[in-house]
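The sequence and structure come first.

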Amino acid sequence: MNTQIEALFTTALGLQPPWYVAKVELNTAKRRIDFEVEHTGARATCPACGAEPQLIHDRVRRSWRHLDFFQFEAWLHAAIPRVQCNGCGKTTQLPVPWAREGSGFTLLFEALSLSLCREMPVRQAANQLRVAPKRLWRRVRHYVEVARAKDDMSCVRYVGIDETSVKRGHEYITVVHDLEAKRLLFATPGRDHATLQVFAQDMRAHGGDPLTIEHACIDMSAAYAKGIDQSLPNARISYDRFHVVALANAAMDEVRREEMRSSAAAVREAVGAQSKKTLRQLLWGMRKNPVSWTRAQFEAMHWLQRSNLKSARAWRLKQALRLVYRDAAASNSEEIAQGAMSKWLSWARRSRLEPFKRLALTLKAHLGGVVRGMLDGRSNAYVEAMNGLLQQTKTAARGFRNIENFIAMAYLRMSKLKHLPQNPLVPAVARDYGRYRHVC
């Protein structure tokens, strides 16, 4: 091979003396290219103690998978010197500039694989790169652990806490998000109060202080409330609007289902000849905001509001709760918000609808946190959105056998970690695609 080509690849691989590419072999039949890298010199500084150049004891041959060269699989091979140090008495292998110790991939290959795993299931990324998925999972866990070790939580003040399922059988993880920075801070198996003790320890390990947490947004989980009281004592709890309205929706659906089941004939008779179509429109119309109704749903809901069905009362209660939230946010007054919620609770208790009577008791027991959730603009909507993305990730991967892999993927995709390797295929200079629009 021409020495100019070897010099070209030495530069392309970013090698500096005493490392250089000594030989390049291209095998088109195997669609593979091999680079032989050599180390010049008979002495080197001891990697263990930094003693001045010591004699090279021997050399150990190693190989690394590199980024593909065009359509060819690329490999680097080198006989790595080992230094026998007179100072510390150790025989130590020299580090190589293109790979981390113990890895069979180059740093650039690992960076590309990490970028692919962030965008697609690991198995698909492994197929694209022609490697075993287990090897990619080891890289994901390693780099996430290294990046999280450098993560800073000193500025965290407002957190959202929720759980999300990992697999069937009631196996869950607890996730804690920074509501200001919009990123995942912590994830751990389980959903009891002890998970927040683990979060407090993790926060201290990353430069934060649990005592500085001012606000925690949660659903009505007694376990999380207990955990916040024990581990985040200065945090004020607020119950997210999303969860409260979701509870009202669940109560409304329970009333509707029970009424349709127990009085199906009477309901169909009241609806009329187009019963099936109208009942289907009611099903979706009751769940949607009025501004989103179709014409058919508008007509069905107009009929419902003039009926004597329990479902009509349940829907009015649900809508009234939404109005309570709207008016409380507009007033920005705790007194007005608490008064409006108290009136709604009184109505719900007198509604003769068991699901809403139970909901009223639940909200009354958590009234302080509910009112705080009505007034401050923070909610767990972002947390719920991220949980939805996690579930999509789980579905795309067809589930995760290992819960640690699921947590590592959550960190990789949602923590906005600053110390991960950068994608080597990102352009060095941002391109202006606007100048090429006329071509299309």
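Which element gives the most to the lining of the second largest pocket? Strand β4 does, with five residues. The model discussed here is predicted.

## Second largest pocket

At least two lining residues come from each of α1 (3-12), β4 (54-69), α2 (107-119) and α3. By class, the lining of the second largest pocket comprises 12 nonpolar, two polar and three charged residues.

## Largest pocket

The largest pocket holds about 560 Å³ of space. Its lining also has a stated count, 17 residues, of which R123, P133, W137, A397 and G399 are the closest to the centre.

Helices α3 (122-129) and α4 each contribute at least two residues to the lining of the largest pocket. The lining of the largest pocket is made up of seven nonpolar, five polar and five charged residues.

## Cavity

The structure contains one cavity of 30 Å³ or more. The space in the largest cavity is about 40 Å³. Its lining consists of M120, P121, V122, W137, T393, A396, A397, F400, M409 and R413. Two or more of these residues come from α15 (381-396), and two or more from α16 (403-414).

Sorted by class, eight residues of the cavity lining are nonpolar, one is polar and one is charged. W137 is listed in the lining of the largest cavity and among the residues closest to the centre of the largest pocket.

## Contact of α5 with α6

Helix α5 (residues 194-205) packs with helix α6 (residues 222-231) at an angle of about 35°. The axes of the two helices are 8 Å apart, and the crossing of α5 and α6 is right-handed.

On the α5 side the contact involves T195, L196, Q197 and A200. On the α6 side it involves Y224, G227, I228, Q230 and S231. The residues of this contact comprise four nonpolar, five polar and no charged.

R139 is located in helix α4. R139 counts as buried because its relative accessible area is 6%, and buried means under 20%. Leaving aside residues up to four places away in sequence, R139 touches R100, S103, G104, F105, E110 and L114.

V156 lies in the loop between α4 (133-149) and β7 (158-167). With a relative accessibility of 2%, V156 is therefore classed as buried. Its contacts, again not counting residues up to four places away in sequence, are D178, L185, M203, T212 and I213. One of these, M203, falls within the residue range 194-205 of helix α5.

R100, one of the residues touched by R139, is 56 residues from V156 in sequence. The C-alpha atoms of V156 and R100 are 33 Å apart in space.

Key: Residues are numbered from 1 along each chain as its sequence is written. This is a predicted model: local features need pLDDT of at least 70, side-chain atom pairs count only at pLDDT 80 or more; totals for chains, interfaces and linings use all residues. Side-chain values use heavy atoms; hydrogens and water are left out. Axes are lines fitted to C-alpha atoms, for helices over the stretch in contact, and angles run from 0 to 180 degrees between N-to-C directions. Helices (H or I, at least four residues) and strands (E, at least two) are DSSP runs, numbered from the N terminus. A crossing is left-handed if the near helix is turned anticlockwise from the far one by less than a right angle, and right-handed if clockwise. Contact means heavy atoms within 4.5 Å. Ala, Val, Leu, Ile, Met, Phe, Trp, Tyr, Cys and Pro count as nonpolar, Asp, Glu, Lys and Arg as charged, and the others, Gly among them, as polar. On a 1 Å grid over the protein atoms alone, a cavity is a set of points where a 1.4 Å probe fits but cannot get out, and a pocket is an open set with protein on both sides within 12 Å along at least five of seven lines; lining residues have an atom within 4 Å of a point. Grid points are joined across faces, edges and corners, and a volume is the space filled by probe spheres set on the points. Buried means under 20% relative accessible area, exposed over 50%, partly exposed in between (1.4 Å probe, protein chains only).
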